[in-house]
Amino acid sequence: MSCKNIVILGSTGSIGINTLKVVERYPDKFKVVGLTAYNNFKLLEKQAKIFQPTHIGVSDKGIEYLKKNINTRKTKILSVKEDLESIVTLKNVDVVVIAMRGAGALGPFLAAVRSGKIVAPANKEALVMAGDIIMEEARAYGATIIPIDSEQSAIFQCLNGQKRSELKKVFLTASGGALLNVPKSRFNRLTVKQILSHPRWKMGKKITVDSATMMNKGFEVIEAQKLFNLKTNEIDVLIHPEAIIHSMVEYIDGSIIAQLGITDMRLPIQYALTYPNRLDSGLKSMNFVELKQLTFQKPDFKKFPSLELAFYALKKGGSLPCVLNAADEVAVEAFLEGDLQFNSIYEAVTKVVTQHKIVNSPGIKQIFDADIWAREETRKVMSQL
Ligand code: MG
């Protein structure tokens with residue numbers, strides 16, 4: 001495997017930090033050329049000193065700070081708001097890891113795809129908003145998309161070497177989030193802190209709340225449909241609390257190929273960086289005897305209506321998944337600020353989704369318009385709850 005030049009958008013979040021751990025293990029195989037972060041510029045400074053990228057992107061506040069603390073002859077300091085696209089399209093970049101969260105990833109994602117890069121997204125928002133456009137552009141420009149999200153990485157691996165025409169069904173597994181065994185009657189009394197304690201994965205706040213509502217799984221359903229060109233009825237969500245099987249694909253003969261592994265994000269991250277090869281990860285092997293059993297349940301759509309709402313948005317299509325994403329982002333933010341009750345996240349999002357006039361086969365401008373509309377509408381809806 002020749003050395004790959006890597007850009008990490010969102011290097012100070014949990015995916016970014018884990019990506020750098022993978023890179024650190026193989027300094028002769030990966031070279032970091034770009035790092036970006038928003039406000040965690042002290043950690044970005046540390047990372048920049050260790051990995052010596054030629055370009056970093058940060059918020060305006062961070063630019064001032066880093067200009068004083070970093071050798072600017074070696075590292076160009078750019079704006080995270082304006083320059084992400086120029087960083088990901090640098091000529092020598094091979095792999096773009098999209099570890100930042102939010103709708104802001106869509107622009108740089110498309111730019112990376114249009115310059116034919118290998119794109120490794122952990123970000124869900126861009127694919128939920130504009131998955132059809134991204135996949136079409138990836139085909140047109142010869143870009144390779146290798147997902148980092150554990151479920152999507154699992155599906156990607158289960159599809160390797162198989163014929164798409166022989167696929168019967170994808171089982172997207174879900175740990176069930178923090179509320180799997182909590183009665184719904186208690187949901188509104190839970191504190192933000194309780195919601196944020198995910199039993200299996202340590203992740204950012206927004207995605208942990210989305211795991212609790214199961215909207216995260218809903219986004220993954222949409223994402224999987226786009227990434228692997230599936231029909232909606234080819235995707236089944238399966239609750240699997242141990243989170244050992246990261247997803248499975250069933251073929252027409254009844255054979256099921258599953259991808260299993262310990263719950264450590266370094267595995268799917270490393271796979272995306274080394275594909276089509278594999279390297280020793282240094283992580284411990286799974287101990288099946290200790291594990292004893294793997295269990296499964298049907299998802300409870302009544303308890304977690306957000307999951308059903310995501311299926312609805314996917315079926316209706318057009319600009320609706322984008323609206324779902326934007327409304328959820330605004331509502332979850334309000335919940336995290338203490339301005340919205342937990343159950344009202346769904347209430348607000350579902351109102352906005354039903355009020356939206358769907359634009360079919362939207363172009364990128366219409367996607368951004370729908371995104372702006374949904375954010376404003378969600379704020380209005382929330383003020384009336
Ligand atoms: Mg996931």
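Author: A salt bridge is a side-chain nitrogen of Lys or Arg within 4 Å of a carboxyl oxygen of Asp or Glu. The structure discussed here is a predicted model.

Reader: Which residue forms a salt bridge with lysine 206?
Author: The closest N and O atoms of the pair are 3.1 Å apart, and the cut-off is 4 Å. Between domain 2 and domain 3 the count is one salt bridge. The partner of lysine 206 is aspartate 328.

Reader: How many residue pairs are in polar contact across the interface of domain 2 and domain 3?
Author: The domain assignment places domain 2 at 150–264 + 286–315 and domain 3 at 317–385. Across their interface, with both residues at pLDDT 80 or more, the number of pairs in polar contact is seven.

Reader: Which helix supplies the largest share of the side of domain 2 that touches domain 3?
Author: Helices H8 (192–195), H9 (205–213), H10 (215–228) and H13 (305–316) each supply at least two residues of that side. The largest share amounts to eight residues, and the helix that provides it is H13.

Reader: How many residues of the side of domain 2 that touches domain 3 are nonpolar?
Author: Three residues of this side are polar and four are charged. The nonpolar residues number 16.

Reader: What area do domain 2 and domain 3 bury between them?
Author: The C-alpha centres of the two domains lie 23 Å apart, and the contact takes 23 residues from domain 2 and 18 residues from domain 3. In domain 2, Asn188, Leu309 and Ala313 lose the most area to domain 3, together 29% of what that side buries. Carbon and sulfur atoms carry 74% of the buried area, which is about 1900 Å².

Technical notes: Residues numbered from 1 in each chain as written. Predicted model: local features only at pLDDT ≥ 70, side-chain atom pairs only at ≥ 80, totals over all residues. Heavy atoms only, no water. Domains from an automatic or database assignment. Contact = heavy atoms within 4.5 Å. Buried area = accessible area lost by both parts, 1.4 Å probe. Polar contact = N/O pair within 3.5 Å; in protein donor to acceptor, adjacent residues only side chain to side chain. Helix = DSSP H or I, 4+ residues; strand = E, 2+ residues; numbered from the N terminus. Nonpolar A, V, L, I, M, F, W, Y, C, P; charged D, E, K, R; others polar.
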